[in-house]
Amino acid sequence: MHMDKNDPYWYLHVGRATDLEGADARLYRLFEILPGALSLSTLALFVALSFWKPVIAAYLTIAFSVYWVFKTFYLSLHLRHNFKRMQHNMQLDWNARLAGIPHDHVLQLVLFPLYKESYEVIAESVQGLLAAAWDPKKIAVVIAIEERGGPGDRATADRIMREFGDKFFEVIVSVHPADLPGEIPGKGSNIAFAAEQARVRVLDPHNIQYENVLVSAFDVDTVVYPQYFACLTWHFLTTEKPLRSSYQPVPLFNNNIWHAPVLARVMAYSSSFWQMIQQERPEKLATFSSHAVPFKTVYEAGYWQRNVVSEDSRIFWNLFARYDGDYEVVPMAYPVSMDANVAPTLWGTAKNIYFQHRRWTYGAENIAYILFTTIKNPRIPRWKKIRAAAVQIEGFWSLVTHPLILFAVGWLPLFVGGDAFNATVLSHNLPFVARTFLTCAMLGLVISAAISFSLIPRRPAEYTRFKSVVMFLQWVLVPVTMVVFSSIPGLESQIRLMFGKYLGFWVTPKSREFRPVREAHV
Amino acid sequence: MKPLSPRKRRLYLIALVVLFFVVVPIALLYAGGWRYKAGFGLVQIGGIVVAVPLADATVTIDGDVIGQSGFFDRSFYISNLAPSSYVVQVEREGYYPWSRTLVVEPQIVTTASARLVSKETRALLIQQATTTSVSSTTRTVLAAEYNALLEAFETAATSSEVRGGQLVGMQLAVEEGNVYLRWPDGGRRFPDNFCARPSYCVDEIEVERGRPHAISAVFFADGIVYATRTGGVFFSDPDVRPTELTVPLYPHGGADVRVVDGRLIVKDDDTLYEIEGL
């Protein structure tokens with residue numbers, strides 16, 4: 001990958017150590033090893049203590065269980081507040097709030113990357129734009145298809161063009177060529193190409209100022225709620241630094257929630273809840289999945305990175321580095337709806353969820369990027385560098401290690417601690433004490449269950465009340481899903497990074513064998 | 001509606017961090033076996049675990065009922081016990097009561113496995129016949145099997161080692177008319193019944209000593225069955241801790257005992273019996 005070291009931001013689009021040379025490559029490689037090394041050494045330390053110092057391991061497990069209670073309580077306070085805020089924001093008339101603020105100059109540019117998804121999937125998303133309380137003539141849509149997607153994707157895109165082309169300011173189809181140098185196949189390279197196509201084919205011909213364009217980088221299944229554009233524009237026009245901010249809605253995986261199996265539902269809401277919690281902690285918030293960003297800002301940074309898996313969060317760190325740390329995410333506390341991960345069979349769903357979460361947790365690749373760019377960019381304030389790195393390192397470390405310690409490794413002293421340990425009061429009390437605290441922590445799930453119940457769309461007639469009851473009880477699966485679909489894929493991602501077995505982009509399969517239900521009765 | 005204010009979040013965080021540092025030492029001390037006793041301050045406690053082999057048995061400690069065993073609940077953890085000695089008793093209708101005086105030491109859990117012996121054991125007379133059958137008082141076996149049972153008594157049963165079950169690794173010896181149970185492996189943890197208290201264990205238990213004179217001993221049903229010259233055949237649940245359970249199985253002195261194919265066989269003169277119900 002060619003990098004012009006005369007460019008003050010030459011490092012901006014580094015994807016992996018192999019993109020660099022010499023000492024820079026070695027340093028980046030070291031940073032890639034770091035998250036996996038931290039997680040593995042933590043788990044190894046726990047296992048070693050369980051064998052040789054089981055008393056210390058048991059005390060650590062108990063202390064950890066206490067920590068988990070307070071952490072879940074602390075996070076649930078954020079979740080509850082964000083839920084209330086989202087309820088409030090969904091009831092507001094954001095257009096009325098915009099009444100006193102000049103906003104006619106704002107153009108919404110929506111990117112829908114399409115790769116082998118059906119017409120029904122994207123049509124639903126485009127219809128969502130039309131149903132929004134925003135003049136569609138102030139919305140430009142790019143259907144971003146891949147050359148490798150073949151004639152099927154082209155036909156789908158053309159059909160969308162035919163059916164919706166005259167309803168918006170513009171609808172264009174961009175065809176991302178295959179095998180461009182310096183790219184990996186995936187959403188990042190596709191939408192980066194699409195954004196440039198929009199600039200050349202839509203913005204420049206109409207002489208539209210880049211700073212007046214808000215880009216919503218959606219997934220193909222992202223369906224907006226009615227006030228999304230008004231809410232987004234209001235935040236854009238009222239935030240302190242509109243061009244130094246990205247705008248993050250709450251991703252609700254609601255489109256197919258009633259049709260999704262229990263595993264998919266738990267994981268879908270767990271992901272949404274984590275984003276809701278982060279919305280109340282903006283200093284820890286990076287962009288995730290569907291998000292919006294001013295066109296001028298993303299244009300100056302060279303668009304989304306074309307050579308990484310986690311382009312959705314990486315774009316935030318690109319912009320953080322590009323604007324010398326003077327960049328933030330504005331949490332909108334307003335939802336967009338997407339598909340929960342569902343395959344035709346339960347096993348298929350489980351596999352898809354695993355792969356999807358492996359891709360998401362591969363966001364650990366950002367740690368190397370953050371450490372490297374903050375070293376290369378002396379203009380970022382030191383405290384911002386430290387905080388950014390610490391938050392990400394702790395986040396990915398705890399994602400992998402905490403569930404495994406709490407629900408697996410932490411109990412190891414009971415099995416391998418030896419006769420002397422097994423004869424102690426501590427050994428007999430460990431299960432009781434740890435379980436008591438974990439049960440207290442699980443009570444936080446009652447809050448989650450209650451909130452999820454408020455977020456789900458109305459029950460379709462084909463389902464009985466029993467399904468509603470299951471929707472509530474499903475939360476008992478959380479300890480299992482945390483280990484199987486968070487910790488383990490997270491650990492795999494970090495080990496891959498550690499050994500340079502880089503992950504490629506995995507497209508979550510999306511199907512439409514159901515009629516989507518998207519309105520949350522919040 | 002505004003996001004959660006940084007001030008509020010900081011307050012929550014500080015409050016929870018303070019609570020964490022208050023709760024953790026309490027939880028660790030509790031788990032490690034420390035309790036607050038009025039007038040004594042912090043004291044170290046211990047515990048007792050009693051394993052019960054059958055359902056519907058009542059467990060008491062110093063006369064206080066702890067609970068009743070169920071289909072799944074066969075183990076009782078009695079916690080928060082001050083260091084001292086306690087009499088644990090397990091009783092079930094139709095069985096001999098099992099009792100042990102167990103010493104509790106600080107931060108250690110004393111363990112014991114109750115052995116419930118039925119009061120309904122009986123000796124079935126074994127007879128030779130052309131077909132095998134069982135009635136309420138006799139068992140008829142083929143001649144070959146009968147002869148095999150007799151042959152088992154031609155070899156002395158004065159020492160053996162257990163390969164499986166609760167007594168695995170223990171050695172049984174009959175020496176000068178006394179029966180000893182030994183734990184020869186000093187490197188491994190002593191079985192509970194060899195320990196007068198958790199911190200003091202012995203490597204030998206006298207199962208039977210003095211009169212009557214023992215002639216043979218075998219492992220059977222997680223205990224020891226021994227025969228004496230004058231007293232008959234007995235079952236014992238050997239334990240260095242009082243009170244050892246000894247149950248008469250066959251009352252005639254001079255009878256000998258062997259285990260053949262998992263069955264307990266008594267030979268009295270030329271007559272064979274099988275002990276059932278143990």
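Visitor: In which strand of chain B does B:Val207 lie?
Guide: Happy to start there, and please keep in mind that this is a predicted model. The one spanning residues 204–208 holds B:Val207, and that is strand β18 of chain B.

Visitor: Is B:Val207 buried or exposed?
Guide: The cut-off for burial is 20 or more other C-beta atoms within 10 Å. B:Val207 has 24 C-beta neighbours inside 10 Å, so the residue counts as buried.

Visitor: Leaving aside neighbours within four places in sequence, which residues is B:Val207 in contact with?
Guide: Contact here asks for C-beta atoms within 7 Å. With the neighbours within four places in sequence set aside, the partners of B:Val207 are B:Val179, B:Tyr180, B:Leu181, B:Ile224, B:Tyr226, B:Ser236 and B:Pro238.

Visitor: How many Å apart in space are B:Val207 and B:Tyr36, C-alpha to C-alpha?
Guide: In sequence, 171 residues separate B:Val207 from B:Tyr36. In space, C-alpha to C-alpha, their separation is 41 Å.

Visitor: Why is chain B described as more spread out than a compact globule?
Guide: Along its principal axes, the C-alpha trace of chain B spans about 95 × 45 × 35 Å. For 278 residues the globule rule gives 19 Å, and chain B is well over that, so it is more spread out than a compact globule: its radius of gyration is 26 Å.

Visitor: Which element gives the most to the side of domain 1 of chain B that touches domain 2 of chain B?
Guide: The domain assignment places domain 1 at 42–113 and domain 2 at 122–276 of chain B. Between them, 13 residues of domain 1 of chain B are in contact with 12 residues of domain 2 of chain B. On the domain 1 side, the elements giving two or more residues are β8 (98–104) and β9 (109–113) of chain B. The top contributor, with six residues, is β8(B).

Visitor: And which element gives the most to the side of chain B that touches chain A?
Guide: Here 25 residues of chain B are in contact with 26 residues of chain A. By class, the chain B side has 19 nonpolar, five polar and one charged residues. The element that gives the most, with 11 residues, is α1(B).

Visitor: How are α16(A) and α1(B) oriented to each other?
Guide: Helix α16 (residues 425–455) of chain A packs on helix α1 (residues 6–31) of chain B with axes 8 Å apart and an angle of about 135 degrees. In this contact A:Leu426, A:Asn429, A:Leu430 and A:Val433 meet B:Ala27, B:Tyr30 and B:Ala31, a group of six nonpolar, one polar and no charged residues. Angles over 145 degrees would count as roughly antiparallel. The pair α16(A) and α1(B) is therefore oblique.

Visitor: Within chain A, how is α8(A) oriented to α11(A)?
Guide: Helix α8 (residues 262–279) and helix α11 (residues 346–361) of chain A have axes that come within 9 Å and cross at roughly 25 degrees. Angles under 35 degrees count as roughly parallel. That makes the orientation of α8(A) to α11(A) roughly parallel.

Visitor: Which residues make the contact between α8(A) and α11(A)?
Guide: By class, the residues of this contact are five nonpolar, one polar and no charged. From α8(A) and α11(A) in turn, they are A:Leu263, A:Ala264 and A:Met267, then A:Thr349, A:Ala350 and A:Ile353.

Key
Residues numbered from 1 in each chain as written. Chains lettered and ligands numbered in written order. Predicted model: local features only at pLDDT ≥ 70, side-chain atom pairs only at ≥ 80, totals over all residues. Domains from an automatic or database assignment. Contact = placed C-beta atoms within 7 Å. Helix = DSSP H or I, 4+ residues; strand = E, 2+ residues; numbered from the N terminus. Rg over C-alpha atoms; globule rule 2.2 N^0.38 Å. Axes fitted to C-alpha atoms, helices over the stretch in contact; angles between N-to-C directions. Parallel < 35°, antiparallel > 145°, perpendicular 65-115°, else oblique. Nonpolar A, V, L, I, M, F, W, Y, C, P; charged D, E, K, R; others polar. Buried ≥ 20, exposed ≤ 12 C-beta atoms within 10 Å, placed from the backbone.
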